[in-house]
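Welcome! Take a moment to turn the structure around on your screen before reading on. The notes below will then walk you through some of its parts.

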Amino acid sequence: MRNQRQVVDYALQRRALLAAVRSGRVGDHEVCDASPYLLRAAKFHGRAGDRACPMCRRAPLTLVSWVYGDELKHVSGSARTPAELTRMAALFAEFTVYDVEVCRTCHWNHLVLSYVLGTGEPQPRRPRRTADQ
């Protein structure tokens, strides 16, 4: 992905959560709680991850990219494929992408990475239309 800025990796947080689950401080039901909307997004917009689920250790993880930004209007808060992210990065000045790993078998989910994409240049504002125009 080109133009990635402000990258935040959540690997340490993930590692701490898995340690808490293995020690018994956090229950499996608390971390395997993916919503039906997230599972559906993983099915239709996700891409195959390169590692197995840390909870069930059977199924491969699926990565889902969620986009948020004021400039995106109604698209904000939706899952997008890598091809769509590339196209959007050329069209919009700035939006944030959150990559979430999901196990479609046991419903494990965790935020993996967040970053900002876009051209970095503010879009020219169009004059607002009034009722008499």
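Here is a short briefing, grouped by topic, on the chain shown above. Please keep in mind that this is a predicted model. The chain has 133 residues, and its secondary structure comes to four helices and six strands.

**The chain as a whole**

- Of the residues in the chain, 38% count as buried.
- The accessible surface comes to about 8,600 Å², and carbon and sulfur atoms account for 51% of that area.
- Take the contacts between residues at least 6 apart in sequence: 62% of them join residues at least 24 apart.

**Strand E5 and its partners**

- Strand E5 covers residues 95-102, and it is mostly covered, with six of its eight residues buried.
- Which strands pair with E5? One of them is E3 (residues 60-68), which runs antiparallel to E5 and is joined to it by seven bridges.
- Within this pairing, Trp66 stands opposite Tyr98 in E5.
- Another partner is E6 (residues 109-117), again antiparallel, with eight bridges to E5.
- Here you can look for Asp99, which stands opposite Leu113 in E6.
- E5 and E6 form a hairpin with six residues between them. In the turn, His107 has a positive phi of about 75°.

**A closer look at Leu63**

- Leu63 is found in strand E3.
- Leu63 and Glu101 are 38 residues apart in sequence, yet their C-alpha atoms are 4.5 Å apart in space.
- Leaving aside residues up to four places away in sequence, Leu63 touches Gly46, Arg47, Gly49, Val100, Glu101 and Val112.

- Helix H1 spans residues 11-23, which makes 13 residues. From its first C-alpha to its last, H1 reaches 18 Å, close to the 18 Å expected at 1.5 Å a residue.
- Which residues of H1 are buried? They are Arg14, Leu18, Ala20 and Val21.
- Looking down the axis of H1, you would find these buried residues within an arc of 155°, so they line one face of the helix.
- On the face turned away from the buried side, H1 carries the exposed residues Leu12 and Arg15.
- The buried residues of H1 pack against helix H2 (28-31) and against the strands E2 (47-52), E3, E5 and E6.
- After H1 comes Gly24, which has a positive phi, near 90°.

**The largest nonpolar core**

- How many residues make up the largest nonpolar core? There are twelve in all: Leu18, Ala20, Val21, Val26, Val31, Cys53, Cys56, Ala59, Leu61, Cys103, Cys106 and Trp108.
- H1 provides the largest share of this core, with three residues.
- Cys103 is one of the core residues. Not counting residues up to four places away in sequence, Cys103 touches Leu39, Cys53, Cys56, Ala59, Leu61 and Trp108.

Note on methods: Residues numbered from 1 in each chain as written. Predicted model: local features only at pLDDT ≥ 70, side-chain atom pairs only at ≥ 80, totals over all residues. Heavy atoms only, no water. Helix = DSSP H or I, 4+ residues; strand = E, 2+ residues; numbered from the N terminus. Buried < 20%, exposed > 50% of the residue type's maximum accessible area, 1.4 Å probe, protein only. Contact = heavy atoms within 4.5 Å. Areas by Shrake-Rupley, 256 points an atom, 1.4 Å probe, with all protein chains shown as cover. Pairing = 2+ DSSP bridges. Expected span 1.5 Å × (residues − 1). Arc of directions from axis to C-beta. Core = buried A, V, L, I, M, F, W, Y, C linked by side-chain atoms within 4.5 Å.
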